[in-house]
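Hi,

Here is the structure I promised to pass on. Have a look at it first, and my notes follow below.

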Amino acid sequence: MTKANVLFVCVDNSFLSLAAEAYLNHTSMGELRAFSAGPLPREEIVSLTQKVLFTNGMDESGLHPKPWTIFSLPHAPQPDYIISLQTSVLLDKQPMWPGQPVKMNWDICLDENMPRNIKEATDAFRKIKESIDLAISSKVFSSDSLNWRAAC
C-alpha cells in the first residue's frame, strides 16, 4: 500500500500546522505521513503548541517550524495533499510542488492571527482534530488515488 504524504501549511508553522502534523501522525497509525511548513516559519515551536499537544497525550518530539520550500526539493517527501489551515495571501503564493498534489483549505483560523491563549489554542486544536477525523473517516486521503506513485 502506498502511503499518502500530507503537508499542512500555515504562515509561521508554529502552532496550527505543527498541531495538525502531530495529530495526523498520531491517529493515522502509519497509514499516512504528515508534515508541516510555512512561508515565514518562526524560530521555534510556541509554548501553546506544547501545552495543547501534552494535554491531548502527544508531545512535540521531532516537531519544529520549517520553510515550505524544503518540500519542493528533489530529495524531500513529495506532498500528495497540501492543506492550508488559515486564510492568508502568503498561503496563496505557494512554491511549485513536484507532481500534482491535491490542495485544500480548511480555514481553521480565518486570518493570520494565531491563538493568543490556551482557550483559543484548545478551540483551534479541536477544529483541527475534527477536520482530520472527518477527512480520515470520509477517505479524503484515499490510497486509490495514489496508485500511480507505485508504478514510478
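The buried residues of α2 (residues 47-55) pack against α1 (16-27) and α4 (118-137), where contact means heavy atoms within 4.5 Å. Those buried residues are L48, T49, V52 and L53; buried is under 20% relative accessible area, exposed over 50%, and partly exposed in between, with a 1.4 Å probe and protein chains only. They sit on the same side of α2 because they cover an arc of only 125° around the axis, taken from the directions from the helix axis to the C-beta atoms. On the face turned away from them you'll find the exposed residues F54 and T55. After α2 comes G57, with a positive phi near 80°. Helices here are DSSP runs of H or I with at least four residues, strands are runs of E with at least two, and both are numbered from the N terminus.

Before you read on: this is a predicted model, so local features need pLDDT of at least 70 and side-chain atom pairs count only at pLDDT 80 or more, while totals for chains, interfaces and linings use all residues. Residues are numbered from 1 along each chain as its sequence is written, and side-chain values use heavy atoms, with hydrogens and water left out.

Now the strands. All six residues of β3 (residues 81-86) are buried. β3 pairs in the parallel sense with β1 (residues 4-9) over four bridges, and five bridges join β3 to β4 (residues 102-109), also parallel; a pair needs at least two DSSP bridges. Y81 in β3 stands opposite V6 and opposite V102 in β4.

The whole structure has five aromatic pairs, counting Phe, Tyr and Trp rings (the six-membered one for Trp) with centres within 6.5 Å; planes under 30 degrees apart are stacked, over 60 edge-to-face, and the rest tilted.

Finally, the largest nonpolar core has 35 residues, of which F8, F15, L16 and F141 touch the most other members. A core is a set of buried Ala, Val, Leu, Ile, Met, Phe, Trp, Tyr and Cys residues joined through side-chain atoms within 4.5 Å. α1 gives the largest share, seven residues.

Cheers
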